[in-house]
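This report looks at salt bridges and at one helix of the structure shown below. Please keep the sequence and the 3D view at hand while reading.

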Amino acid sequence: MTAVDDVLSLPGQIWDRATTVQPAPDQVVLLGTLAVALVCLAVPVLWHLTRHFLTIVHEAAHGLVAVLSGRRLSGIRLHSDTSGLTVSVGKPRGPGMVATAFAGYVGPAVLGLGAAWLLGRGYAVGLLWLLLVVLVLVLVQIRNWYGLWSVLVSGVVLVGVSWWGSAAVQVAVAYAVTWYLLLGAPRAVLEMQAQRRRTRGRGTSDADVLGRLTPLPGGFWVAALLLVCVGALVLGGSWILDRPLL
């Protein structure tokens, strides 16, 4: 087989790997990956490092909803302090702008919930490739060097695990990422609220923006964002642990 044949066969190989069902891991792996995610959230250095991935998903959610609501996406910036900015062009007020502002913090929760659903059906490797697709879509909208670096590093890690990792490693990483998304989403909302207290609600957080776009105060939107994120955590966690709520 020539090098050209190898390249042409890559899409088929990726599809085969992504659609192959992996057996459910044992309870040790489920709880072990949960513990890893909790450590990443609890240790400040690890939280700052891994928070970049959460920010990528956060800004991707802003961008996706902006496009779906008829706005034109101008670009995404990611910063070294783990903050980000998604710029879209359209009406400065209205349902589309409200939906776009609301989407950021719930984005990781919704993605985590979808990831838990995929894991429940055995598509751990498929989940990793899906996350890579998300990164590629974000990459084409990045407008600063640090953002480019963050997305590329995340993508290289995912490609390495998805292509060269053993089945056990792939499954473990998929579960750890899913736990991190589900747990990190409410953690990020609480972090935002702590920042709002320091600025007394006069900052530029998504909740403050929503407060200015609607008659409802920023505190209401913090509660709404937190409710969605906690709900996704409870539901997604029950799917992962195979303990249905009903």
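Is R196 buried or exposed? R196 is buried, with a relative accessible area of 10%, where buried means under 20% relative accessible area, exposed over 50% and partly exposed in between, computed with a 1.4 Å probe on protein chains only.

## Basis of the model

This is a predicted model, in which local features need pLDDT of at least 70 and side-chain atom pairs count only at pLDDT 80 or more, while totals for chains, interfaces and linings use all residues. Residues are numbered from 1 along each chain as its sequence is written, and side-chain values use heavy atoms, with hydrogens and water left out.

## Salt bridges

The structure holds 3 salt bridges, each being a side-chain nitrogen of Lys or Arg within 4 Å of a carboxyl oxygen of Asp or Glu. One of them joins D208 and R196 at 2.8 Å, N to O. D208 lies in helix α8 (residues 206-213) and R196 in helix α7, so the pair ties together parts that are 12 residues apart in sequence; D208, at 4% relative accessibility, counts as buried.

R51, R187 and E191 are linked in a network. R51 pairs with E191, their closest N and O atoms being 3.2 Å apart, and this pair links helix α3 to helix α7 (residues 167-199) across 140 residues. E191 also pairs with R187 at 3.8 Å, both lying in α7, 4 residues apart. R51 is buried at 8%, whereas E191 is partly exposed at 22%.

## Helix α3

Helix α3 (residues 44-68) has a kink of about 35 degrees centred on T50, the bend being the angle between axes fitted to the seven residues ending at a residue and the seven starting there. Helices are DSSP runs (H or I, at least four residues), numbered from the N terminus.

Key:
Helices (H or I, at least four residues) and strands (E, at least two) are DSSP runs, numbered from the N terminus. The expected span of a helix is 1.5 Å times one less than its number of residues.
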